[in-house]
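Biologist: I would like to learn how to read a fold from its atoms. Could you take me through one?

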Amino acid sequence: MAVINIKGFNNNLVFILAEGTFEDYRAFLTDKFESNIQLFKGSQIIFRGDGLKNLAYHEIAKLQKLCLDYGMVLNNTEMVKEKPIIEKDLIIRKTLRSGQKIHSEGSLIIWGDVHESAEITAARDIIVLGKLEGIAHAGCYGDSASIIFALNLAPRQIRIGDKISRNSDNDTVSNYAEIAYVEGDNICIREYKSRETISLVD
């Protein structure tokens, strides 16, 4: 059985990752691309599948870059509706210790803290009802309309879509909830106020 099932859907190529390792996926894609470069060149692609949950955010980014290197286009804002790849939100009711990794194909909600060196990724929004100290990547397939919210936002690194922001090494701890979102080419962070609406989409 192939580690990646490639399907056509709504003028996109959907790469559905089965169980495997990063090296399995990279070798499979490289072999496919090399065997028929013209077939894949210019195609719009989307990554989906259960295999993504075992990959770190930087590994997903490397697979996406591999596709870009072969002339493909990431169409990560397209929401695929067919049943095998429906997005699913994930709720975690515990604190994530350092070294733990969690991935959601939809939004990710954590009732607890995210310790330093823990990694969380989600296709859509990330909401931490506690302290976020680790690495968080919302919109990990390229959806820059995603947000990151935490009651105490003190991350080692955050990413939204293809934008990245690192800890400023400022030890100041806020005593209010904050929200991170993309505005222009930057990630903006500000105090969350429940009565305000942030326009994240056109």
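This is a predicted model: local features need pLDDT of at least 70, side-chain atom pairs count only at pLDDT 80 or more; totals for chains, interfaces and linings use all residues.

Biologist: How many helices and strands does the chain have?

Modeller: Helices (H or I, at least four residues) and strands (E, at least two) are DSSP runs, numbered from the N terminus. Here there are 3 helices and 15 strands.

Biologist: What span does helix α3 reach?

Modeller: The expected span is 1.5 Å times one less than the number of residues. With 13 residues (57-69), α3 reaches 18 Å from first C-alpha to last, close to the 18 Å expected. Just after α3, Gly 71 has a positive phi of about 85°.

Biologist: Which residues of α3 are buried?

Modeller: Buried means under 20% relative accessible area, with a 1.4 Å probe and protein chains only. In α3, these are Tyr 57, Ile 60, Leu 63, Gln 64, Leu 66 and Cys 67.

Biologist: And which residues have the most contacts inside the largest nonpolar core?

Modeller: A nonpolar core joins buried Ala, Val, Leu, Ile, Met, Phe, Trp, Tyr and Cys residues through side-chain atoms within 4.5 Å. The largest has 23 residues, and Phe 15, Leu 17, Leu 29, Phe 33 and Phe 47 have the most contacts inside it. Elements giving two or more residues are β2, α1, β3 and α3; α1 gives the largest share, 5 residues. A second, separate core has 22 residues, including Ala 122 and Val 182.

Conventions:
Residues are numbered from 1 along each chain as its sequence is written. Side-chain values use heavy atoms; hydrogens and water are left out. Buried means under 20% relative accessible area, exposed over 50%, partly exposed in between (1.4 Å probe, protein chains only).
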